[in-house]
Amino acid sequence: MRFLLVAALLVVPSPAQAAPAADPQARVWVTTPDRAEQLHERAPVRFSTTRSDAPTIVLDPSRRYQEVDGFGASMTDSSAAVLHRLGPAARDQAMRSLFDPREGIGVSFLRQPVGSSDFTAAAQHWTYDDVPAGEKDFALRHFSIAHDEARILPLLRRAKRLNPRLTVLATPWSPPAWMKTGDSLVGGRLIDEPRYYDAYARYLVEFVRAYRRAGVPVDYLTVQNEPQNRHPGGYPGTDLPVRQEAAVIAALGPRLQAAGLKTKILGYDHNWTTHPGDVGSTPPGEDPETDYPYQLLRTRAAKWLAGTAYHCYSGDPSAMTALHEAFPRKGIWFTECSGSHGAGDTPEQIFRGTLTWHARNVIIGTMRNWARSAVNWNIALDSTGGPHLGGCGTCTGLLTLMPDGSVSRDAEYFTIGHAAKFVPPGAVRIGSTSHGTTGWNGQIMDVAFRNPDGSTSLIVHNENDDARTFAVRSGDRQFEYTLPGGALATFVWPRDRRLDDHYQPVNLPGATATASPPGETPQAAVDGDAPQAAVDGDAPQAAIDGDASTRWSSGAAQAPGQSLTVDLARPTIFDRVSLDSGGNLGDHARGWSLSVSSDGTRFRELAAGVGTGQLTDIDVPRTKARWLRFTLTGSAPNWWSVADVRLYRLP
């Protein structure tokens, strides 16, 4: 019997008999601005070894950035009221469409107002410890979350059952009025005395404790929504300068710790840049604190901060990268952006405008700038954009309750869905070349993630109004795809060794570049305007800045002898050089020669060839050099553009 078992184990198919494994493939979901496709799953696309001449997104899993907490919106008092207008069955269907990762979009992050905001269904604004004007409640005897038990907390508990990995961030729009100058929830400041800082800290701890008892643990907490919004339009708000926010955090951190609560504190919770209106409302003689998050992270209270929260209403997402570079050990979360519209906009205009702006700014833009979350404002509103009490009259939600009782899924539902459904908490952003910009340059923009199960998710947006074709490369395989104008897509594929890249990127710190001719300026290379002659010689740096959305361009038709020279700053070993010409079709070198040097004077030719597409990989024998020089050997009426020079090394 033992012999028979061994014999059986030895009978295996020969290599000739084994069927070759099919090339891996990616599933793809698409949403178009005309609503023809709404998170519609198309036929899968297969990777192959065939090279594409199209602009190419190159994935680099070896470059790992921030871990993702989730994507979502806010279950405001207004949202809860709207959802409770639905019958039980319709309400549960709406909740499933929002939070269920399989049946819906899997919303995984909620930002919850602590008390009233502008989006409340109540007749007047409120907090959890309101007392008659002129009275105080330092003992918090009147504290109660009974208001939330009626509608908000039941929906939050249901959301957590539908998606157990849901993260909750809580934010107050105002301390109780009795803690403030003016004794009002609208405007004013926290009274500048230690006992009020302590009372406010205890109030927030009591809220976190009460929500935990109610079955909704609070993962993150900020101490004030939009602390520089000094004159909110009829809704709760508080002017909280850096010094006061730091004082609140310094009181809150130890109290959360003493209570055994694991809730983490985030600072700021306001725009990418200080809004001009907020600068203009600064009291005479006071600092407008346009560097608010920087100042806050330099205070002693920073020891209690996990990081910084941002909104979208002024500035652009690059502000988050600037803060990350200044404070790399502190996290960044993006916590609010509402869709909105003009009074005369049609539903079609609203959907298209919101989809395309949020795709490139809220979803891709925030993630490419270190955000651990991307969060819209209201998760549901009615067809009037309400109910609300003061504040925004043109805001939109993920869902809209229509007059006939039906529920419409808005552009925000799909932008959040393209991320939340396919990028679960714990995913990590990985390297990917992206040619588009948040400011809109008409190119393909993307962001990529490695998920906890090893799969990869790639979110791609076509910024142009016309269809655009691009390629996606992972390892030595790639696929080509065409997206309609303005469309948003998510590609997902499982872990496959054939998609692993054996080449490792070589960092180029301190590298510099020069060119002949100098070419156009970096700004002119991305603004879409007519060519502009270089005036400072810095334009070639765009070719080695690690950002494929910027480029150096010759500013003249291609001709033999034009060159780009890169000083790597130190002798560098490499096995491959990639010359990426970016998203402007036809700007690739028609003929090229690559030379290297150790002294910057004597160059030897290492390779030469003919360019056929936007991405040229030059494989060379292992080489050690400090200078690289690319020289054109062909002619073309097109300019010569270089978005990125990348070096790679084999292990």
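The model is predicted, so local features need pLDDT of at least 70 and side-chain atom pairs count only at pLDDT 80 or more, whereas totals for chains, interfaces and linings use all residues. Residues are numbered from 1 along each chain as its sequence is written, and side-chain values use heavy atoms, with hydrogens and water left out.

The description begins with the sheet. Nine strands form an open sheet in the order β2-β1-β20-β17-β16-β15-β3-β18-β19, and the pairing is mixed. Strands here are DSSP runs of E with at least two residues, helices are runs of H or I with at least four, and both are numbered from the N terminus. Two strands pair if DSSP finds at least two bridges between them. In general, strands of a sheet pair through backbone hydrogen bonds, either parallel or antiparallel. At the edges lie β2 (40–46) and β19 (477–483), each of which pairs on one side only. From one strand to the next, the twist averages 30°. Within this sheet, strand β3 (residues 56–67) and strand β15 (residues 428–432) are antiparallel and share four bridges; D60 stands opposite G431 in β15.

A helix accompanies the sheet. Helix α12 (residues 411–420) lies across β1 (25–31), β17 (456–462) and β20 (488–493), and runs at about 15° to β20. Such angles run from 0 to 180 degrees between N-to-C directions, with axes fitted as lines to C-alpha atoms, for helices over the stretch in contact. Contact means heavy atoms within 4.5 Å.

Another strand pairing involves β11. Strand β4 (residues 70–74) and β11 run parallel and are joined by four bridges, and the bridge partner of S74 in β11 is N378. Six of the six residues of strand β11 (residues 373–378) are buried, so the strand is largely enclosed by the rest of the structure. A residue is buried under 20% relative accessible area, exposed over 50% and partly exposed in between, with a 1.4 Å probe and protein chains only.

Burial also marks helix α10 (residues 318–326), in which A319, M320, T321, L323 and H324 are buried. These buried residues pack against α9 (292–297), β9 (305–311), β10 and α11 (347–367). As a general rule, an α-helix has 3.6 residues a turn, so residues three or four places apart point the same way.

The structure holds two disulfides, a disulfide being a pair of cysteine sulfur atoms within 2.5 Å. One of them joins C312 to C337, with an S to S distance of 2.1 Å. C312 lies in the loop between β9 and α10 and C337 in the loop between β10 and α11, so the link ties together parts that are 25 residues apart in sequence. The torsion about this S-S bond is 75°, and the link of C312 and C337 is right-handed. C312 is buried at a relative accessible area of 7%, and C337 is buried at 1%. The other disulfide joins C392 to C395, with S to S 2.2 Å. Its torsion about the S-S bond is about 115°, so the disulfide of C392 and C395 is right-handed. C395 is buried, with a relative accessible area of 8%. In sequence order, the bonded cysteines of the protein chain pair as 1-2, 3-4.

Aromatic side chains supply a further set of contacts. There are 28 aromatic pairs in the structure. Rings of Phe, Tyr and Trp (its six-membered ring) pair if their centres lie within 6.5 Å; planes under 30 degrees apart count as stacked, over 60 as edge-to-face and the rest as tilted. The ring centres of Y128 and F143 are 5.9 Å apart and the planes stand at 50°, so the pair is tilted. Y128 and F143 are 15 residues apart, in the loop between β5 (109–114) and α4 (146–150). Y128 counts as buried at 2% relative accessibility, and F143 counts as buried at 15%. Both belong to one aromatic cluster formed by W126, Y128, F143, Y200, Y203, F207 and Y211.

A second tilted pair is that of Y220 and W333, because the ring centres are 5.1 Å apart and the planes stand at 55°. This pair links distant parts of the chain, with Y220 in strand β7 (residues 220–221) and W333 in strand β10 (residues 331–336), 113 residues apart. Y220 and W333 are buried.

Two arginines also face aromatic rings. R429 lies over the face of Y65, at 3.9 Å from the ring centre, and the charged end of R629 sits over the ring of F603, 4.0 Å from its centre. A charge sits over a ring if NZ of Lys or CZ of Arg is within 6 Å of the ring centre and within 35 degrees of the ring normal.
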